[in-house]
Amino acid sequence: MISNRTRYLTQNVAKVLIWTAALLTIGVMMLILFQVLAEGLPVLHPRFFLDSPKNMGREGGILSTIVGTFALTLVAIVFAAPLGVGTAIFLREYTRETRISRIIRFGTDCLAGVPSIIFGLFGFVFFVIFLNMGWSILSGGLTLAAMILPTIISTAEEAIKTIPYTYREVSFSLGGTRWQTVTRTILPSAIPGIFTGIILSVGRSIGETAAVILTAGSSLVMPTSLFSPIRTMSVHFYILAREGISMEMAYGTGAALILLVLIVNTAANWLLNRYIRHRV
Amino acid sequence: MQELNTKIEARGLNFYYGSVQALKNINIHIKERQITALIGPSGCGKSTFLRALNRTNELIPHTRTEGSVMLDGEEIYRPGLDVVGLRQRVGMVFQRPNPFPKSIYENVAFGPKVLGIYSRREIEEKVEKSLKAAALWSEVADRLHTSALNLTLGQQQRLCIARVLAVEPEVILMDEPCSALDPIATLKIEELMQELKKRYTIVIVTHNMQQAARTSDWAGFFLLGELLEYGPTADLFTRPKDKRTENYVTGRYG
């Protein structure tokens, strides 16, 4: 039998270790945030957001890269969200465990583990060259869509999985069709979970660099159509820093990127809470 | 005594979960506008039989049904039957109250809406009528648009009954509807059943012997997947033909 002394000692050691882990994590995160914001915030004048880059980004602002980031992310979500949620609904509601559903699930699991540069290469070969879309918002957006699809499918599947079986049973027993059951009972309850997956994917799309640089290009010109090449904020940051163009502007872009992600997440949370409250 | 119409007739009904046979050659006539109670120990097949009557069993993977069930003389297992329409005619109340996480109004309106009624006025009428028929209206009339999950369990179960009534079924299947309720809520449901019996055919599965005796007109005793005995409730409880039925209803078995 373990003595009480040992038990309390173990308990205290465990407490110290767990606190250390938590504090280290938070500390590192704060350090990164502090460093980027300390270097970047002084650059963030309103003009920085409203002007497009000049002289390769040494001067001016980052407006065209903000537009590029939003355009790319929007295209990615517009394609990936319906496809991903549709696949999740198919897997959970329209098919039982079959060879096909297992293959789809295995495929998405594999895709989820593929590094983004591989998606970039695929996008370059397939969208940019083979489909002749060139470096463009569309090529980049579709590449990102392929990259975030697994996340959306698996989070949506998880969300749908947690809906009690009785909702389906009741809906069917009241004469609901499968589609009505999905749209009127399952989706309304699963939307918070699905939405969370989509927001995660938005974050990944905004931050993605490797896949984007190969498929959307790095043009600083303000885009005019889906076929325009663009440079996103993260690509801008990467090029400014890596090519030694301007560390000052790089940090400014970084700080703006962090703020953008913060704003998107806050807005998403607010929307989600509103939805949950209004559903009674 | 006037001849009662048969609402549901099962003939040679067998049901399998995988290789396990849960129902063995069930033959029964369920009478119109009567309350039929199905009793028997857990796992005897009474709930499975109930679910065979609106074909919700087949939502479970790896199951198989053989034999015949007629509703008003029409085979419900014939290929090509409109299962969605069948389930509208044969409503179901479940063991645990299971309202949707929506408002009281939306719960009752769910059925009419999926059946394609879009007129707001018509839906409101149905909601009111169903809640009144389920003896819940006076308790919830002033808070129709609040969450159904804030109701007591007994109220939730009556809401589930109202939700079924709103699709205007002919038969109501009840799967141990009172097992999660306290005695007062149970009594309310039982009173309600007597009221509903005037318009609907009710089949109820219950573990509560007194409930079966109090409420039903007909009773069937299931054991190990077989319908051992079926007849007027009074006969089954006071003059059971089978020794095993007698043991069960007198509480010496089960």
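Reader: I'm new to this one, so what share of the contacts in chain A with a separation of 6 or more comes from residues 24 or more positions apart?
Author: In this predicted model, residues 24 or more positions apart account for 72% of the chain A contacts that have a separation of 6 or more.

Reader: And which helices and strands does chain A have, in what pattern?
Author: Chain A holds eleven helices and two strands, and along the sequence they follow the pattern α-α-β-β-α-α-α-α-α-α-α-α-α. The C-alpha trace of chain A spans about 65 × 65 × 40 Å along its principal axes, and of the 280 residues in the chain 43% are buried.

Reader: How many residues are in the largest nonpolar core?
Author: That core has 134 residues, and the ones with the most contacts inside it are Phe49(B), Leu131(B) and Ile161(B). The element that gives the most to this core is helix 6 of chain A, residues 137-161, which supplies eleven residues.

Reader: What does Leu131(B) touch?
Author: Leaving aside residues up to four places away in sequence, Leu131(B) touches Ile104(B), Val108(B), Leu136(B), Trp137(B), Val140(B), Leu144(B), Leu159(B) and Ala162(B).

Reader: Back to helix 6 of chain A: at what angle do this helix and helix 8 of chain A pack?
Author: The two helices pack at an angle of about 150°, with their axes 8 Å apart. Angles over 145 degrees count as roughly antiparallel, and therefore helix 6 and helix 8 of chain A are roughly antiparallel to each other. Helix 6 of chain A passes helix 8 of chain A in a right-handed crossing. Among the residues making the contact are Leu144(A), Met147(A) and Ile148(A) from helix 6 of chain A, and Ile186(A), Ala190(A) and Gly193(A) from helix 8 of chain A.

Reader: How many of the residues in that contact are nonpolar, polar or charged?
Author: The contact of helix 6 with helix 8 of chain A has eleven nonpolar, six polar and one charged residues.

Reader: Switching to chain B, how far apart are the axes of helix 3 and helix 6 there?
Author: In chain B, helix 3 (residues 104-114) and helix 6 (residues 153-165) have axes 7 Å apart and pack at an angle of about 35°, in a crossing that is right-handed. Ile104(B), Asn107(B) and Val108(B) of helix 3 make the contact with Leu159(B), Ala162(B) and Arg163(B) of helix 6. By class, the residues of this contact divide into four nonpolar, one polar and one charged.

Reader: Which residues of helix 10 of chain A are buried?
Author: In helix 10 (residues 233-242) of chain A, the buried residues are Met233(A), Ser234(A), Val235(A), His236(A), Ile239(A) and Leu240(A). These buried residues pack against strand 1, helix 3, helix 8, helix 9 and helix 11 of chain A. Helix 10 of chain A is followed by Gly244(A), which has a positive phi near 60°.

Reader: What about Asn132(A), is that residue buried or exposed?
Author: Asn132(A) is exposed, because its relative accessible area is 65%, and an area over 50% counts as exposed. Asn132(A) lies in the loop between helix 5 and helix 6 of chain A, and its phi is positive, near 60°, in a residue other than glycine.

Reader: And where is Asp72(B)?
Author: Asp72(B) sits in the loop between strand 4 (63-71) and strand 5 (74-75) of chain B. Although Asp72(B) is not a glycine, it has a positive phi of about 50°, and at 41% relative accessibility Asp72(B) counts as partly exposed.

Methods. Residues numbered from 1 in each chain as written. Chains lettered and ligands numbered in written order. Predicted model: local features only at pLDDT ≥ 70, side-chain atom pairs only at ≥ 80, totals over all residues. Heavy atoms only, no water. Core = buried A, V, L, I, M, F, W, Y, C linked by side-chain atoms within 4.5 Å. Buried < 20%, exposed > 50% of the residue type's maximum accessible area, 1.4 Å probe, protein only. Helix = DSSP H or I, 4+ residues; strand = E, 2+ residues; numbered from the N terminus. Contact = heavy atoms within 4.5 Å. Axes fitted to C-alpha atoms, helices over the stretch in contact; angles between N-to-C directions. Parallel < 35°, antiparallel > 145°, perpendicular 65-115°, else oblique. Left-handed = near helix turned anticlockwise from the far one by under 90°. Nonpolar A, V, L, I, M, F, W, Y, C, P; charged D, E, K, R; others polar.
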